[in-house]
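Biologist: Could you walk me through reading the aromatic side chains in this structure? I would like the general idea before each case.

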Amino acid sequence: MLIIYKYQIHYKGIGNFMTAKEAYKILNLLPEAQWEEVKKQYRQLILQAHPDSIGQFNQNPGFYSAQEINLAYATLKEKKSRREGASHTSARGTSREKSPVTWDAPTNENAYVEREILHYAEDYEGNVLGTFCIARGKYLWKTEEDFPLFLLSMYKCGTRLLDEIDARLCRAYAPASRQHILAQLTYLLSQQFIDGTSLLGELARECTPDETAQQADSRFFYMAAMLETAYPTIALQADEPLYPVGVRDHKLYLKNRAGQELGYLSFPDDRLYYIVIPLFEQKRVQIKVRASKPKAPTASQKLHLWLKLPNKNPSQSFMPENLNLQIEGLLREYGA
């Protein structure tokens with residue numbers, strides 16, 4: 001999902017929206033320029049300015065960065081969309097301009113590091129030229145932010161922390177444990193920017209349990225899931241219950257009633273993996289798992305998953321206190 005055009009972003013980090021006048025100036029166009037001229041000029045400038053193309057921005061004040069050029073193009077594209085929307089609805093007298101949206105995600109001030117908010121840089125045909133940073137801080141992830149880019153920002157944070165250790169120790173080569181530790185570090189860092197209890201309301205379906213009595217202190221959610229199994233010859237029966245065995249390497253393994261371990265839980269929506277598994281690891285949810293309709297045995301079988309999430313005091317932090325300790329432990333291990 002390419003989302004570069006979904007936001008009106010603070011210009012030059014000083015809290016002012018980029019105006020159309022500023023956008024035309026950056027693209028070196030007159031306000032009466034046709035849209036085809038805008039696209040042509042944008043493509044020429046971004047190919048010249050983007051670091052993926054030439055490695056370094058021209059620092060001459062008469063030239064603009066790829067970020068500024070992208071923002072200018074996004075501003076004019078938004079202006080064009082509003083104008084076209086107004087023309088379609090003016091006959092009915094219901095024309096309304098879309099208000100610009102700022103990057104206003106909440107923050108976790110206790111997070112171990114700041115992270116980048118990344119967007120795709122595209123040419124006018126939609127081809128991805130690379131990514132660029134539009135904000136930096138301890139911003140929580142929201143569903144409006146492209147999730148693969150969120151994970152990339154987490155990977156970059158982990159890489160930066162390990163690179164600093166390598167530089168401090170004057171290592172000529174990274175240790176063999178680097179990739180394993182980086183994967184663990186990326187996972188832990190991501191948990192500091194994901195408020196799972198809030199996101200469940202957006203990514204899962206809230207439901208009412210069968211036994212409603214004495215359940216007012218909890219919320220219930222349903223979502224589709226899958227069983228990733230190394231034993232495709234095992235066919236699950238419709239509505240067959242499965243039970244958690246435990247978490248290994250951030251995977252929740254399941255067993256049948258006979259106690260036979262079958263495989264681990266996964267999701268059609270990858271975002272749920274980073275929400276459900278940490279909540280289970282933190283012992284903050286209870287789960288109920290049932291098999292879906294029977295089908296021929298495969299390595300991936302569909303499941304129904306229900307979560308019971310006890311209501312907490314809203315003033316309580318969603319973040320486990322020991323995450324920073326776990327991160328520091330990994331960094332000590334890497335620097336040993």
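Biologist: Is W35 buried or exposed?

Modeller: The labels go by relative accessible area: buried is under 20%, exposed is over 50%, and partly exposed is in between, using a 1.4 Å probe and protein chains only. W35 has 19% relative accessibility, so this residue counts as buried. Y73 counts as buried because its relative accessibility is 2%, and Y42 is buried at 0%.

Biologist: Where do these numbers come from?

Modeller: This is a predicted model, in which local features need pLDDT of at least 70 and side-chain atom pairs count only at pLDDT 80 or more, while totals for chains, interfaces and linings use all residues. Residues are numbered from 1 along each chain as its sequence is written, and side-chain values use heavy atoms, with hydrogens and water left out.

Biologist: How many aromatic pairs are there?

Modeller: Rings of Phe, Tyr and Trp (its six-membered ring) pair if their centres lie within 6.5 Å; planes under 30 degrees apart are stacked, over 60 edge-to-face, and the rest tilted. By this rule there are eleven aromatic pairs. The W35 and Y73 rings are stacked because their centres are 5.5 Å apart and their planes meet at 20°.

Biologist: Which helices hold W35 and Y73?

Modeller: Helices (H or I, at least four residues) and strands (E, at least two) are DSSP runs, numbered from the N terminus. W35 is in helix α2 (residues 35-49) and Y73 in helix α4 (residues 66-89), so their pair ties together parts 38 residues apart in sequence. Y73 also forms a stacked pair with Y42, at 4.0 Å centre to centre and 15° between the planes. With Y42 in helix α2 and Y73 in helix α4, this pair ties together parts that are 31 residues apart in sequence.

Biologist: Which residues do ring pairs link into a cluster?

Modeller: That cluster joins W141, F147, F150, Y187, Y273 and Y274.

Biologist: Which charges lie over the face of a ring?

Modeller: The rule asks for NZ of Lys or CZ of Arg within 6 Å of the ring centre and within 35 degrees of the ring normal. R115 lies over the face of F193, 5.5 Å from the ring centre. K288 lies over the face of W306, at 4.9 Å from the ring centre.

Biologist: And the chain as a whole?

Modeller: The chain has nine helices and eleven strands, and buried residues make up 43% of its 336 residues.
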